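Biologist: I have the sequence and the model open side by side. Could we go through it residue by residue and then turn to the packing?

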Amino acid sequence: TALYGLISGLWELFGESSFATAQNVGSRLIEELAKSGLQVTSTDRKEILAQVSNLLGEEHVGLTKKVEYSLDENGKVTLHCHQCALADVTAKLEVEGVQPFACVPMLIATATLSKNTGAKNRLMGRKFNPEGEVCSVEFQIVN
């Protein structure tokens with residue numbers, strides 16, 4: 001409830017500008033994970049996504065049951081998050097049309113890519129399937 005209120009309120013106040021705030025949040029998240037010994041050190045984009053996907057799963061952070069990813073030759077990344085702990089929040093935000101600026105898996109992935117490779121990104125969209133409990137977020141890596 002608190003996360004829903006915070007995310008919805010920020011979107012109402014700042015709209016698209018909320019994405020700029022969330023980039024800083026992603027950096028803080030990976031700093032906190034590193035303090036717990038959970039960090040990604042690779043500089044290879046595909047390896048970074050593989051490590052982040054593993055990190056977010058049950059065995060480590062436990063945010064999702066599992067994360068699958070794809071990276072195409074043009075730098076388009078898709079993260080498929082299965083049974084995310086934030087699915088209820090996502091469902092409410094989806095109804096309101098709130099963009100996924102605060103998607104934790106995306107924030108961790110993009111902050112890690114930025115930190116380790118200098119890459120920037122832009123959101124392409126989100127597809128949420130509540131019945132299958134899969135949320136897919138897409139972003140483009142840009143240099």
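**Exposure, ring pairs and a helix crossing**

Modeller: Phenylalanine 14 has a relative accessible area of 46%, so this residue is partly exposed. Its place is in helix α1. Keep in mind that this is a predicted model.

Biologist: How far apart are the C-alpha atoms of phenylalanine 14 and proline 130?

Modeller: Along the chain, phenylalanine 14 and proline 130 are 116 residues apart.

Biologist: Is tryptophan 11 buried or exposed?

Modeller: Tryptophan 11 is in helix α1, which covers residues 2-14. Buried means under 20% relative accessible area. Tryptophan 11 is in that class, and so is phenylalanine 19: both are buried.

Biologist: How many aromatic pairs are there?

Modeller: Two rings pair if their centres lie within 6.5 Å. By this rule the count comes to 3.

Biologist: Is the pair of tryptophan 11 and phenylalanine 19 stacked or edge-to-face?

Modeller: The centres of the two rings, tryptophan 11 and phenylalanine 19, are 6.2 Å apart, with 85 degrees between the planes. Planes over 60 degrees apart count as edge-to-face. The pair of tryptophan 11 and phenylalanine 19 is therefore edge-to-face.

Biologist: Is the pair of tryptophan 11 and phenylalanine 101 stacked or edge-to-face?

Modeller: Here the ring centres of tryptophan 11 and phenylalanine 101 are 5.8 Å apart and the planes are at 20 degrees. Planes under 30 degrees apart count as stacked. The pair of tryptophan 11 and phenylalanine 101 is therefore stacked.

Biologist: Where is phenylalanine 101 in the chain?

Modeller: The pair links distant parts of the chain, with tryptophan 11 and phenylalanine 101 90 residues apart. Both residues, tryptophan 11 and phenylalanine 101, are buried. Ring pairs link Trp11, Phe19 and Phe101 into a cluster. Phenylalanine 101 is in the loop between α4 (87-96) and α5.

Biologist: Which residue lies over the face of tyrosine 4?

Modeller: For a charge to sit over a ring, NZ of Lys or CZ of Arg has to be within 6 Å of the ring centre. At tyrosine 4 the distance from the ring centre is 5.2 Å, and the residue over the face is lysine 92.

Biologist: At what angle do the axes of α3 and α5 cross?

Modeller: Helix α3 covers residues 45-56 and helix α5 residues 104-117. Their axes come within 10 Å. The crossing of α3 and α5 is right-handed, at roughly 145 degrees.

Biologist: How do the residues of the contact of α3 with α5 divide into nonpolar, polar and charged?

Modeller: From α3, the contact has Arg45, Ile48, Leu49, Val52, Leu55 and Leu56. These meet Pro105, Ile108, Ala109, Thr112, Leu113, Asn116 and Thr117 in α5. The division is 9 nonpolar, 3 polar and 1 charged.

Biologist: Why does asparagine 54 count as partly exposed?

Modeller: Asparagine 54 is in helix α3, and its C-alpha atom is 8.8 Å from that of glutamate 68, 14 residues apart along the chain. Asparagine 54 is partly exposed because its relative accessible area is 45%.

Biologist: Which residues does asparagine 74 touch, not counting those up to four places away in sequence?

Modeller: Asparagine 74 is in the loop between β1 (66-71) and β2 (76-82). At 54% relative accessibility, asparagine 74 counts as exposed. The residues asparagine 74 touches are Gln140 and Ile141.

Biologist: What is phi of glutamine 83?

Modeller: Glutamine 83 is in the loop between β2 and α4 and is partly exposed, at 41%. It touches Leu63, Thr64, Lys65 and Glu133, not counting residues up to four places away in sequence. Phi of glutamine 83 is positive in a residue other than glycine, near 50 degrees.

Biologist: And what is phi of glutamate 133?

Modeller: Glutamate 133 is in the loop between β3 (120-129) and β4 (134-142). At 40% relative accessibility, glutamate 133 counts as partly exposed. Its phi is also a positive value in a residue other than glycine, near 55 degrees.

Methods: Residues numbered from 1 in each chain as written. Predicted model: local features only at pLDDT ≥ 70, side-chain atom pairs only at ≥ 80, totals over all residues. Heavy atoms only, no water. Axes fitted to C-alpha atoms, helices over the stretch in contact; angles between N-to-C directions. Helix = DSSP H or I, 4+ residues; strand = E, 2+ residues; numbered from the N terminus. Left-handed = near helix turned anticlockwise from the far one by under 90°. Contact = heavy atoms within 4.5 Å. Nonpolar A, V, L, I, M, F, W, Y, C, P; charged D, E, K, R; others polar. Phe/Tyr/Trp six-rings, centres within 6.5 Å; stacked < 30°, edge-to-face > 60°. Buried < 20%, exposed > 50% of the residue type's maximum accessible area, 1.4 Å probe, protein only. Lys NZ or Arg CZ within 6 Å of the ring centre and 35° of its normal.
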